[in-house]
Amino acid sequence: MRRYRNGFTLIDIVIILAVFGVLLGTMIPLSIKMVQKRRELQAMDELEKLRVAITGNALIVLNEARAKFGYLGDMGNLPPSLEDLYKKGSQPGHIFNATKKTCAGWNGPYIAPEIVEHLETLKTDAFGNDYVYSTTPFTDSTTGATVDGKITSKGRDGIADTSDDLSVDFFENQLKSKVYGIIKNEVGDGVGGAAVSINYPSNGVLTSEPTTTDRFGFYTFDDVPYGDRSVTIEPKLVIATGSGDVTGGSNNDVVFSVVNFSSSDINITFYEAKFSSSPAAYYKTLIIGSTTVYDSSGDKLGSEDRAIFSTITVAGGDGVSDNIPIRVQAPVTTVGDIIPIGQLGRGQTIRIQMLNFRDLQGGGGSAVNMSGVPMTITLSDGSIVRFTPF
């Protein structure tokens, strides 16, 4: 009778162990790769959340405009450290300026709630290494664009500047904008010499950067941080609507009026007119208000000649200025045709007369018809007045 034995032989055990060894040899590296991949995805997710905390989420749109600008929107700059995203510390608190119609200051925390619950892990990535955060600008080698800041995870190997690094770059054109616009008068002509300021936070403190419109009424500001900002308009002397005429028997007198749109009195001590006529023209007499400031039987005043005189004061109005909220959310921001300044209050109107245009600077000469000759007037207060008399 034949007997059967239960269990494994030594050969069976060896074979089984060999199979397990092969399986383990295959599964362990695969498992390690899967763990590393999950850590990479987790690190990428954390980097994205840090990016959103700093610059806001461009995908959150309200009334067809971006609604969130993160730390940058409130403070006006990248945070000095990642801790500033969730610890207020000595950073200025959030304040809305009702006059300038914009705000500034820390309004955090800017980190998503599920991350804030684990503050002790915010400085480290999924691989257990500290994030490397820098706000030193550099040039991106691929695009040639300026990068203002960077957050880097050292990746699997825990060594910076190697091929497995993960990072978020903050390109300058994603943080700052060129803002430009034009100020017009009531008939749509650009107003030169008007004071304009852009209001935005810098390190959480509301800052105003001033400029002056050029002779066509244009103004430009560079490097304005993304967010809700405002523009302050403070026009000075502006040509009165409907003025700018030629008079005299030969249309050789130019007469116009300017209005003081400033809240303050404006003192003027020189007058300069730029024009180009054919033939070249020179005017004998300049009258501002009721004062004759230049009248010569010798040399007349030509284009870009400056008449200097004792102070003439043009009285100001009742607090004329306006603050226009704007949203800065692109590398170039165009401020719409801000208001015709005629909608603002106004001060004194003063009449200016340039009389007796002739074709000779010295002596008599013949009268020159100045109808249709564009005029650009520059006054000592910085006001620039443009018009064409008819």
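Me: With which residue does E48 form a salt bridge?
Reply: A salt bridge here is a side-chain nitrogen of Lys or Arg within 4 Å of a carboxyl oxygen of Asp or Glu. The closest N and O atoms of the pair are 2.5 Å apart, and the partner is R51.

Me: What kind of model is this?
Reply: Residues are numbered from 1 along each chain as its sequence is written, and side-chain values use heavy atoms, leaving out hydrogens and water. Local features need pLDDT of at least 70, side-chain atom pairs count only at pLDDT 80 or more, and totals for chains, interfaces and linings use all residues, as this is a predicted model.

Me: Is E40, which pairs with R156, buried or exposed?
Reply: E40 forms a salt bridge with R156, with closest N and O atoms 2.8 Å apart. E40 is in helix α1 and R156 in the loop between β7 and β8, so the pair ties together parts 116 residues apart in sequence. Buried means under 20% relative accessible area, exposed over 50%, partly exposed in between (1.4 Å probe, protein chains only). The relative accessibility of E40 is 13%, so E40 is buried.

Me: How far from D74 is the nearest side chain of opposite charge?
Reply: D74 sits in helix α2. Lys and Arg count as positive, Asp and Glu as negative, and His and the chain ends are not counted. D74 is buried and has no salt bridge; the nearest side chain of opposite charge is R229, at 6.6 Å.

Technical notes: Helix = DSSP H or I, 4+ residues; strand = E, 2+ residues; numbered from the N terminus.
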